[in-house]
Amino acid sequence: MSSTFNQSRLAILAPVIAGQGRARAAEAEVLAMFDLHHAALLRYAVSFGIAVQDGEDVVQETFLALFRHLLEEKPQDNLRSWLFRVTHNLALRRRGVHRREVFEAENISLERTDPAPGPEETLLFSERKLHLSRVLQAMPATDRACLQLRAEGLRYREIAEVIGISLGSVAAAVARSIERLERSEMSRG
């Protein structure tokens, strides 16, 4: 599935659910939110160990849910957090259904690197990335999710809403995760 939002699916739902004016406004809002949050939501969905294609499906389902949410004129407080929560639930469901192999985060990495690193630098970078990936995978799921959402720029309160845990638990999970990563880096030398 491509990373562009399937507008034809919106067009089918819109007239059935609501009037033309409200549907157009909702569609415009969904498309704007898609442009802003697609990449972050895809990274988050794939972090659950699902394939990229499944992650794309999860993200698309998330934005269809947003479209329905807007048409039904439900609360629009902190839609960004709402998007991550829906993605979280759909990715968990998708992972449970398919039970796919864990996807390596390096295949979807959006990092920019020097276009011509030397072989030694490339090897060191790959080893470090693999090591950190293993440390992340060894973390409890809640700690890993908290750290990933924080890395995506969500505030602790938003993370608590997305995952469904207390604010104190989020703070503790992020602190534990960072400490675990730092200890891991120090032990590597």
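Q: How are α6 and α8 oriented to each other?
A: In this predicted model, α6 and α8 are roughly perpendicular to each other. Their axes come within 8 Å and cross at roughly 90 degrees. Angles of 65 to 115 degrees count as roughly perpendicular, under 35 as roughly parallel, over 145 as roughly antiparallel and the rest as oblique. Axes are lines fitted to C-alpha atoms, for helices over the stretch in contact, with angles from 0 to 180 degrees between N-to-C directions.

Q: Which residues make that contact?
A: From α6 come D143, R144, C146, L147 and R150, and from α8 come V170, A173, V174, R176, S177, I178, R180 and L181. Contact means heavy atoms within 4.5 Å.

Q: And how do the residues of the α6 and α8 contact divide by class?
A: They divide into 7 nonpolar, 1 polar and 5 charged. Ala, Val, Leu, Ile, Met, Phe, Trp, Tyr, Cys and Pro count as nonpolar, Asp, Glu, Lys and Arg as charged, and the others, Gly among them, as polar.

Q: What about α7 with α8; at what angle do their axes cross?
A: The axes of helix α7 (residues 156-163) and helix α8 (residues 167-188) cross at roughly 105 degrees and come within 8 Å. The two helices are therefore roughly perpendicular as well. Y156, R157, I159 and A160 of α7 meet L167, V170, A171 and V174 of α8. By class, this contact has 7 nonpolar, no polar and 1 charged residues.

Q: Before going on, what should I know about the model itself?
A: As the model is predicted, local features need pLDDT of at least 70 and side-chain atom pairs count only at pLDDT 80 or more, while totals for chains, interfaces and linings use all residues. Residues are numbered from 1 along each chain as its sequence is written, and side-chain values use heavy atoms, with hydrogens and water left out.

Q: How many helices and strands are there in the chain?
A: The protein chain has 8 helices and 0 strands. Helices (H or I, at least four residues) and strands (E, at least two) are DSSP runs, numbered from the N terminus.

Q: Is H88 buried or exposed?
A: H88 is buried, with a relative accessible area of 8%. Buried means under 20% relative accessible area, exposed over 50%, and partly exposed in between (1.4 Å probe, protein chains only). H88 lies in helix α4 (residues 79-98).

Q: What does H88 touch?
A: Leaving aside neighbours within four places in sequence, H88 is in contact with Y44, F48, V162 and I163. Y44 is buried at 1% relative accessible area, and F48 counts as buried at 11%.

Q: How many aromatic pairs does the structure hold?
A: It holds 3 aromatic pairs. Rings of Phe, Tyr and Trp (its six-membered ring) pair if their centres lie within 6.5 Å; planes under 30 degrees apart count as stacked, over 60 as edge-to-face and the rest as tilted. F34 and F63 form an edge-to-face pair, 5.1 Å centre to centre with 75 degrees between the planes. This pair links distant parts of the chain, with F34 in helix α2 (residues 20-46) and F63 in helix α3 (residues 52-71), 29 residues apart. Both F34 and F63 are buried.

Q: Why is the pair of Y44 and F48 edge-to-face?
A: The ring centres of Y44 and F48 are 5.1 Å apart and their planes lie at 85 degrees, so the pair is edge-to-face. Y44, F48 and F84 form one aromatic cluster.
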